[in-house]
Amino acid sequence: VKLVTATETQAFQLWFSPDIAGLGWPYWMSERPLSGTYQEPFDTWADMSDLIIRETWPNNSYPNNIAYVCGPVERKVPYKWDFNDHSVPEKALAKVKANTLEYLKTLSHHLWPNTSPENAPDQFNWNLLVDIKEQEGQARFDQQFFKVNIDPSELYVLSETNSSANRLKTDQNGFNDFLITGDWIDNGFNAGCVEAAVIAGKQTARAIMGGKQEIHGEKDRIR
């Protein structure tokens with residue numbers, strides 16, 4: 001943790017009744033929008049509406065848009081949590097919900113202009129959210145999904161300058177007959193993303209099979 005830094009992360013998911021155009025997203029795109037450079041603490045948004053067909057909803061509460069939003073809680077660890085305090089997860093999740101409320105009221109209308117009531121840009125139209133309980137106003141907010149990652153095994157490993165030398169390779173971790181994998185190991189690409197996770201998985205499979213073939217992307221090192 002001292003040499004390869006990591007951060008806690010937070011996320012929320014919203015289910016909307018309107019589709020992306022109904023939310024006010026102004027651009028026509030052949031692919032669903034994805035943003036990874038928005039304002040923290042929630043800098044990443046992905047339109048995941050393609051998952052709607054994988055979910056089961058009653059006919060009177062059917063979503064037409066799903067938004068996944070995530071970002072860092074703290075820039076770096078060391079931990080500030082007292083893990084002997086069993087209320088820590090609840091407190092951390094409450095903080096995520098508070099951060100989400102602030103985001104929806106102050107920042108979300110730049111992505112989804114129609115979520116703000118007319119002449120009230122610092123407010124959020126809660127009735128656009130799907131709620132199978134059909135509650136009114138902000139009560140619909142509590143029916144969405146919120147997540148905080150604070151356990152050591154859940155942290156997001158950063159790719160800071162000169163940190164790659166301290167990452168471990170899949171088969172060079174100090175233990176015999178024990179392999180590690182994931183975007184956090186020294187996989188060559190060395191960034192927290194699905195591409196790095198795939199490369200790492202292939203490297204682990206190669207180590208198991210005893211092969212020597214090169215894997216596309218494993219030399220694209222982010223230093």
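Predicted model: local features only at pLDDT ≥ 70, side-chain atom pairs only at ≥ 80, totals over all residues.
Residues are numbered from 1 along each chain as its sequence is written, and side-chain values use heavy atoms, with hydrogens and water left out.

**Exercise 1. Confidence**

Find which elements have the lowest and the highest mean pLDDT.

*Solution.* Start with the whole chain: pLDDT, the predictor's confidence in each residue from 0 to 100, averages 90 here, and 96% of the residues score at least 70. Next, go through the elements, where helices (H or I, at least four residues) and strands (E, at least two) are DSSP runs numbered from the N terminus.

**Exercise 2. Helix 2**

Check the span of helix 2 and work out where its buried residues lie.

*Solution.* First, the expected span of a helix is 1.5 Å times one less than its number of residues. Second, list the buried residues (under 20% relative accessible area; exposed is over 50%, partly exposed in between; 1.4 Å probe, protein chains only): Ala-196, Ile-199, Ala-200, Gln-203, Thr-204 and Arg-206. Third, look down the axis: these residues fall within an arc of 160°, so they line one face of helix 2. The arc is taken from the directions from the helix axis to the C-beta atoms. Turned away from that side are the exposed residues Val-194, Ile-208 and Met-209. Finally, Gly-210 follows the helix with a positive phi, near 80°.

**Exercise 3. The largest nonpolar core**

Identify which element gives the largest share of this core.

*Solution.* A nonpolar core is a set of buried Ala, Val, Leu, Ile, Met, Phe, Trp, Tyr and Cys residues joined through side-chain atoms within 4.5 Å. The largest one has 28 residues, and those touching the most other members include Phe-12, Trp-45 and Trp-112. Two or more residues each come from strand 2, strand 5 (65–72), helix 1 (88–106) and strand 6 (145–149). Helix 1 gives the largest share, six residues.

**Exercise 4. Cysteines**

Count the disulfides.

*Solution.* With a disulfide taken as a pair of cysteine sulfur atoms within 2.5 Å, the count is zero. For Cys-70, the nearest cysteine sulfur is that of Cys-193, 13 Å away. Cys-70 is partly exposed, at 34% relative accessibility.
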